[in-house]
Amino acid sequence: MAVALAACSDSSSEIASPGSQGPNPGVPGGGDNGGGDGDNGGGSAGNCPTGTTRQQVGDETHCAINAGAILSDLTLTKDNIYVLNGPGNIFIGEPTDANGNGGTRVTLKIEAGTRIYSDDPETALVISRGSRIDAQGTANAPIIFTSARDMGIGGSPFTGNASDDPNTGEWGGLVLNGLAPINACAGTQAVCEKEGEGDSGLFGGNNPADSSGILRYVQIKYSGALINSEDELNGIAFQGVGSGTTVEYIQVHNGADDGIEFFGGTATVKHLIVSGANDDYIDWTDGWQGKIQHAIVMQNPNLPEGDRGIEADNLDDDHDASPRSNPTLANLTFVGAASSDPAKSVGSQGILLRVGTSAKIYNSVVTNFADGCLDLDDAATFAQAQNGALVVQSTLLSCSQPTEEESGDPIDLSDWFLAQSNNVIGDASLSGYVNGSAEAAVVATDMSKVDGFFDKVDYIGAVNGADAPANWTLGWTFGLNAAAGCPSVNGITEDSNGNCVLTGTITDDVRLSAGRDYLLNGVVRIGTDAGMDPASPLAGSDPATLTIDAGVRVLAQTAESALFISRGSRIVANGTKDAPIIMSAVGDDTHQLDTDTALWGGLVINGRAPINACAGAQPVCEKEGEGDSGLFGGNVPNDDSGVLRYVVVKYAGRLINAEDELNGIAFQGVGNGTTVDYIQSHNGADDAVEFFGGTVNVKHLVLTGAGDDSLDWTDGWQGKIQYALIVQNPNQPEAERGIEADNLEGDFDAAPRSHPKIANITFVGAGDKGIGERAMVLRRGTAVNLMNVVAANWSNSCFDLDDAATFAVAGPNATTRTGDLTLQSSLLSCSPAVEVEAGDPYDTKAWVEAQSNNVLGVAATLASPATGGKKYINGSAEAAVTATDPSTVDPFFDSVNFIGAVKDAGSDWTAGWTVWLNR
């Protein structure tokens, strides 16, 4: 997934590139900052301080700090623009010795709102050992270190979202050298010191509490330089820096090497963002024993050398060197840039712990890294894990390979991870970097009880809410939050009303950021068909990932408009209960929930999971979807087409001809690697949801007001559903069945046979209004295991079996069953409850009665929520039916002790995000 760094926020609070906003807003000399050489948003307004020189840049005057040593205190005021001139590094002070003696101690003070830039890739700003930096920005006026190009000098600044930014390595970076302990000396040397990378000076000592100053609300952009294959500068290097140093609210963006690296020491950090790095994002070595809380790592798919979220070492030459690297980190959110298109995928592991490091990691979310979420390497590191010194707790891993298991590892890493407290392997539900329901479900560790440095928290991840104060990134960061304007990709344009309009085929990964609506003009396809085999995609194919933030509305402009996800592409739509994603038609607020339908085509997802729609012995089957929606099918049961979570699809479905119709949502050959949870399809003109083969699973499904069938399957679907609510709308006169289930129309015994498992489903018909037929019609050879069912008020019957092939699957007779088609723990409250037809091979009613805990002829007692609305909540009659524990049937299912979709009013999972039900 190419993660565009955007989330719910007011874009006016985002700090843009200095080139687009002006380096010194509101001071004399500030101005339009839109362009090239000399047009840099205003020159220096005051006199350049002693220690700097005036330098003409186009028609502006800047204050230059030249390479070499600054030997007296220096204050950089916000009224000036500062340029770091190379070649060579700029040193603040002359370093003390390792005991803190000698040298020249200097303080560099930088006022809030100051901009400092360089155009020399090998020029870094170095705070010498014993000296200090006092850089105290504010949320409204961060201090920004950046490149000349970003200032509009020698090139155009980048103004989009951070993950679209290809620029990096345009100056050296920031280095802090301190007197805290490191382990990089051989033998018994009492006090260890070392020369920093990039000729950045000596560091190390014996003062864990040493202070190198303050960094607060600081951006470091486009830094890092390759000196040689073994010597590179980073965004920020903390070299032997002590815990007396204050580091908080820091963003490192697009560093050419590591975003931030700790070389020993005890430095601590709160509120850290690394958005783009061309190597590792957070790196440590040489015995770092510091702490971090609240950290975001967002991989940038435009930096192809971007590697690990964390690369952690003790000491390369001595894996057990002392003091051992042993930091404590909490509330991390690491979002990788793995893509459905291997050519676009960057990065490797989310967290790699190696070379003997220890660590304690709590309350973290790691997702979408190409080579896995978590990896341990080297015997000394595994020894730390085995003796309990290396801890990972209250952490969610969500990658296609959660833990990297390698031949020769002394432990099973997955078992080790899951054996620790509150760890989960599952699907993340982040909206950008903001927690969703999956993160909220993980039990957090109260970090204030672990160490006094940490804030008390009751959540995992870095950011627990989209708005202030929970979202601490707002107002001072670059490119992280929603920016003005439409995404800059082919297929998306901005119309005269300022709307973002999607058209045609989109082959770039794109995020639809919160804060605005997005319009579909005609059929919009995400990616081109990549074929049946992910290991050998079709030549010339171009898959893509569509990411949709919580709260976004995607609105169709015409009845012909639809959204198709091509085979090999992905949709990642992570809504929340409070901010569901809405897919509807333009004018959504004015449409009538009771009566409107067929206003647009709907959502179609094509996957590579098996289907049975091919004649003969064709080993791998594919098929063209309805409505010219593309090919689907393959041989990948665990294929991953993305995430649908808290998504509401309204007024969809379109009749193309008598045999070709679009549905609310069509899952076409979709695999069980796809996450579908908390979904509603309302007032679709054809079926609410249809499964065409595949293996996709669903939890929390609401189907209301379908114009034909509510839940339909065919072509060999073998997925699972738990918690499904079907309610007919009496304003849909063509409404038919709750379930219409087939194996394959042309071959009732085709393989793989349709065989879903469904638990905890409630069918509410509109039979009292003379609409609808049967709650369940199982036909054309389908298999299915149904359990914990409530069906009430269907005009023809609650349950019907059709076709000899289906009866054969159900059993040879009414009392002897195959186990492939079952119904148990059900309340069937219709007249008749079971449809018995002349010519049936055996008595269907007797077949139902012969199975466990089925109740027929008892009136349902379904109730409305306390706030009013439709009746779908269990009452006394439903509570009296003995339930089946579906977790004993398949581990996908939750263990429950009730039938139906909603046990009682206190556990109404439909509340707060669905439409129509509660009115």
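Rings of Phe, Tyr and Trp (its six-membered ring) pair if their centres lie within 6.5 Å; planes under 30 degrees apart count as stacked, over 60 as edge-to-face and the rest as tilted. With that rule I picked out a cluster of Tyr217, Tyr249, Trp472 and Trp476, linked by ring pairs.

**Ground rules**

I am working on a predicted model, so I note that local features need pLDDT of at least 70 and side-chain atom pairs count only at pLDDT 80 or more, while totals for chains, interfaces and linings use all residues. Residues are numbered from 1 along each chain as its sequence is written, and side-chain values use heavy atoms, with hydrogens and water left out.

**Rings**

I got 21 aromatic pairs for the structure. I looked at Phe807 and Tyr842: the ring centres are 5.1 Å apart and the planes sit at 85°, so I logged the pair as edge-to-face. Phe807 is in helix 5 (residues 804-810) and Tyr842 in the loop between strand 55 (821-829) and helix 6 (844-849), 35 residues apart; helices (H or I, at least four residues) and strands (E, at least two) are DSSP runs, numbered from the N terminus. Phe807 and Tyr842 are both buried (under 20% relative accessible area; exposed is over 50%, partly exposed in between, with a 1.4 Å probe and protein chains only).

Next I checked charges over rings (NZ of Lys or CZ of Arg within 6 Å of the ring centre and within 35 degrees of the ring normal). The charged end of Lys870 is over the ring of Trp916, 4.2 Å from its centre. Arg149 lies over the face of Tyr222, 4.6 Å from the ring centre.

**Salt bridges**

Arg149 came up again here, in a salt bridge with Glu170 whose closest N and O atoms are 2.8 Å apart (the term takes a side-chain nitrogen of Lys or Arg within 4 Å of a carboxyl oxygen of Asp or Glu). Both residues are in the loop between strand 9 (143-147) and strand 10 (173-177), 21 residues apart. Glu170 and Arg149 are both buried.

My count for the structure is 38 salt bridges. Another one pairs Asp446 with Lys456 at 2.7 Å between the closest N and O atoms. Asp446 is buried at 15% relative accessible area, whereas Lys456 is exposed at 63%. I also found one network, joined by salt bridges that share partners, with Arg737, Glu740 and Asp742 among its members.

**Lys845**

I found Lys845 in helix 6, partly exposed at 36% relative accessibility. Leaving out residues up to four places away in sequence, Lys845 touches Val834, Val836 and Leu856 (contact means heavy atoms within 4.5 Å). The Lys845 side chain also makes a polar contact with the side chain of Glu849 at 2.7 Å (N or O atoms within 3.5 Å; within protein, one must be able to donate a hydrogen and the other to accept it, and residues adjacent in sequence count only if both atoms are side-chain atoms).

**Disulfides**

I took cysteine sulfur atoms within 2.5 Å as a disulfide, and the count came to 6. Cys185 and Cys192 have their sulfurs 2.0 Å apart, and their link is right-handed with 90° about the S-S bond. Cys486 to Cys500 is 2.1 Å, S to S; the torsion there is about -100°, so I wrote down left-handed. For Cys798 and Cys830 the sulfurs are 1.9 Å apart, and the torsion of about 80° makes that disulfide right-handed. Cys798 and Cys830 are both buried. Numbering the bonded cysteines in sequence order, I read the pairing as 1-2, 3-4, 5-6, 7-8, 9-10, 11-12.
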